[in-house]
Amino acid sequence: MVDLKEVLKEVEGWAREVGQLQRKNFRKEDLEIDTKSTVTDLVTEIDKKSEKYIIDKIEANYPDHAILGEETGDHHKESDYLWVIDPLDGTNNYAQGLPIYCISIGLKYRGEAILGVVYAPYLDEMYTALKDEGAFCNGKKINVGSEKELDRCVLATGFPYDKLTNPLNNIDYFGEIVPRLRGVRRMGAAAYDLACVAAGFLDGYWEMNLRHWDVAAGILLVEEAGGKISYFRDDREYSIIAGNKDVVELVEGHIKMVDRKR
Ligand code: IPD
Ligand code: CA
Ligand code: CA
């Protein structure tokens with residue numbers, strides 16, 4: 001077994017380095033931007049450079065470990081350890097010049113999340129968690145919120161990249177849930193949404209069709225902060241509700257109600 005506390009220090013260092021690269025190029029006028037799966041699914045030169053930096057570090061320090069990165073896919077290695085990386089979560093924000101974006105690095109051992117780091121460079125917020133050791137923001141212990149009624153809650157959500165062509169695009173869940181809330185946010189970075197749930201800055205969050213790299217670190221943060229994750233669809237990748245147990249159950253109830261009416 002690797003010494004997770006040591007690994008965490010190292011990963012925090014990588015995230016800060018990549019964060020510096022992202023801040024340095026933030027709002028750069030000639031930022032190279034391409035599209036991926038749809039015209040709304042963007043990738044910038046900084047997404048690619050960030051992923052390369054992190055993968056080079058993993059390969060140099062943990063050459064036997066398997067890696068899954070958003071921009072380079074599965075690095076096909078047989079290992080008990082799997083690194084799951086979103087080098088720049090919130091690419092749309094980054095490309096627009098909006099400051100909510102982050103780096104998400106998760107480590108799994110035999111399929112179980114054991115380490116999660118989400119770093120938001122513009123805000124200089126470092127969220128960390130190790131399995132069974134709690135969750136932290138800039139070294140301070142964090143916990144999910146304690147609200148029990150939706151009309152006292154601010155929740156975040158998001159919409160999938162295929163929202164134009166796929167009717168399972170969260171619009172009906174949104175219509176059912178939002179009128180019941182104190183407020184809703186669409187922050188545009190799933191890993192940061194989960195980090196904010198872990199810290200109680202958001203009371204909860206739901207989103208469908210997320211990918212492994214969006215959630216690998218954030219789910220551990222929420223669980224280690226005393227929260228719950230529920231998986232509400234198995235036909236749309238990672239479709240999750242996050243929050244304290246009561247909030248998750250309330251949101252789940254409304255989602256099920258919409259599904260029954262389909
Ligand atoms: C996206 C963001 C966004 C979520 C999308 C993700 P990316 O990740 O997390 O908030 O709604 O589903 O794909 O493309 O910016 O890394
Ligand atoms: Ca992402
Ligand atoms: Ca990304």
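Which loop does E237 lie in? We'll get there in the last view, but some ground rules come before the pictures. This is a predicted model, where local features need pLDDT of at least 70, side-chain atom pairs count only at pLDDT 80 or more, and totals for chains, interfaces and linings use all residues. Residues are numbered from 1 along each chain as its sequence is written, chains are lettered from A and ligands numbered from 1 in the order in which they are written, and side-chain values use heavy atoms, with hydrogens and water left out.

**View 1. The eight-strand sheet, with α6 lying across part of it.** Helices (H or I, at least four residues) and strands (E, at least two) are DSSP runs, numbered from the N terminus. Here the open sheet reads β4-β3-β5-β6-β7-β8-β9-β10, with mixed pairing; two strands pair if DSSP finds at least two bridges between them. At the edges stand β4 (73-74) and β10 (140-142), each with a single partner strand, so one side of each has no neighbour in the sheet. Look for β6 (residues 102-109) and β7 (residues 112-120), which pair in the antiparallel sense over seven bridges. One bridge to pick out joins K108 to its partner A113 in β7. Helix α6 (residues 212-224) runs at about 100° to β7; axes are lines fitted to C-alpha atoms, for helices over the stretch in contact, and angles run from 0 to 180 degrees between N-to-C directions.

View 2. Strands β13 and β15 run antiparallel, joined by five bridges, and G204 has G243 in β15 as its bridge partner.

**View 3. Helix α7 and its buried residues.** Helix α7 (residues 245-261) has 17 residues. Buried in it are V247, V248, V251, E252, H254, I255 and V258. They cover an arc of only 165° around the axis, which puts them on the same side of α7; the arc is that of the directions from the helix axis to the C-beta atoms. On the other side, R260 and K261 are exposed. Buried means under 20% relative accessible area, exposed over 50%, and partly exposed in between (1.4 Å probe, protein chains only). The buried residues pack against β11 (154-157), α4 (171-177), β13 (204-210), β14 (228-231) and β15 (238-243), contact meaning heavy atoms within 4.5 Å.

View 4. Most residues other than glycine have a negative phi.

**View 5. E237, in the loop between β14 and β15.** E237 is partly exposed, with a relative accessible area of 43%. Leaving aside neighbours within four places in sequence, E237 is in contact with N209, L210 and R211.

Conventions:
Expected span 1.5 Å × (residues − 1).
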